[in-house]
Amino acid sequence: VRLEALVVRPAAATGKLPLALITHGKAASGISMGDLRAASYATVARDLARRGWLAVVVMRRGFGQSDGPFPVAASCAEPDIGKQSDSDADDLDGALRALKERPDVDPERIVAIGESAGGAAVLALAKRKPAGLRGVINVAGGLNLETCTEKGRDALVDAVKGFQVAGGPPQLWIYAKNDELFPPALVDRMRAAALDAGGDIRFVDLPEIKPRGHLIFRNGQARYVWLAAMDASLRAWKLPTWSPAQARLQFAKLGLTERAGTFDRYFAAPGEK
């Protein structure tokens, strides 16, 4: 199948670049799923490109202008969230294989980043341990079954536990305290189940984000926080991002040597510098 994608890379870059695969959440209806576009995630892709990455937003089957139909859907009658997320991971796995053929992609340095249902999809992808995948970033990840909330939450905990595998890539999880779909008590259950199953997880708890705690992926206020958390994990995974030493050097050249934390926040923040 053909998948809609948006590729963003540093204009002056040469050689092979690390690859950031970015994927979206699930819209409320079939019509709104078709209205989604990869370009809607350009701001996040640019933030990765500014850190030296070739960033690719991939729309999964049934979304945007990607070929359809939507392949597998969990329901209250069949609440197999793991099966749906694994089907979503098929698309991401296929996209990775295609992208690794690009001459400007380093196939040994890859991260996968997903929001909401896309967060569950990157966890399912990590279970497969594709070559070169060095870490996954799950932002408000999961799948919500609206008409059977408790059954759906139990299924989500089971699915997340099933995504863990020995020797899998490390995971960064980011959730807001006021996430209306995945509240703290549910996230605690998910994380405990994943840790018990051997998951390598760093968890970041965001403060309340207005207007909706679930929509932190592209929210300007939330990006000030979760991008900085992402930078810390990228450094821990020995992957490219901006260097605190470089930031302080630039400010020292201007004769500014105090309040180094301000410099860190400035370089971590979204948008142009």
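## Strand pairing

Strand β2 (residues 17-23) pairs with β4 in the parallel sense over six bridges; strands are DSSP E runs of at least two residues, helices are H or I runs of at least four, and both are numbered from the N terminus. Two strands count as paired if DSSP finds at least two bridges between them. A20 has V111 in β4 as its bridge partner.

β4 also pairs in the parallel sense with strand β5 (residues 133-139), over six bridges. There, L133 in β5 is the bridge partner of I110. Eight of the 11 residues of β4 (residues 105-115) are buried (under 20% relative accessible area, 1.4 Å probe, protein chains only).

## Basis of the model

This is a predicted model: local features need pLDDT of at least 70 and side-chain atom pairs pLDDT 80 or more, while totals for chains, interfaces and linings use all residues. Residues are numbered from 1 along each chain as its sequence is written, and side-chain values use heavy atoms, without hydrogens and water.

## Helix packing

Helix α3 (residues 81-99) packs on α4 at an angle of about 70°, with the axes 8 Å apart; axes are lines fitted to C-alpha atoms over the stretch in contact, and angles run from 0 to 180 degrees between N-to-C directions. The two helices α3 and α4 are therefore roughly perpendicular (65 to 115 degrees).

Residues of α3 that meet α4 include S85, D86 and L92, and those of α4 include A117, A121 and L125 (contact: heavy atoms within 4.5 Å).

How values were computed
Angles under 35 degrees count as roughly parallel, over 145 as roughly antiparallel, 65 to 115 as roughly perpendicular and the rest as oblique. Buried means under 20% relative accessible area, exposed over 50%, partly exposed in between (1.4 Å probe, protein chains only).
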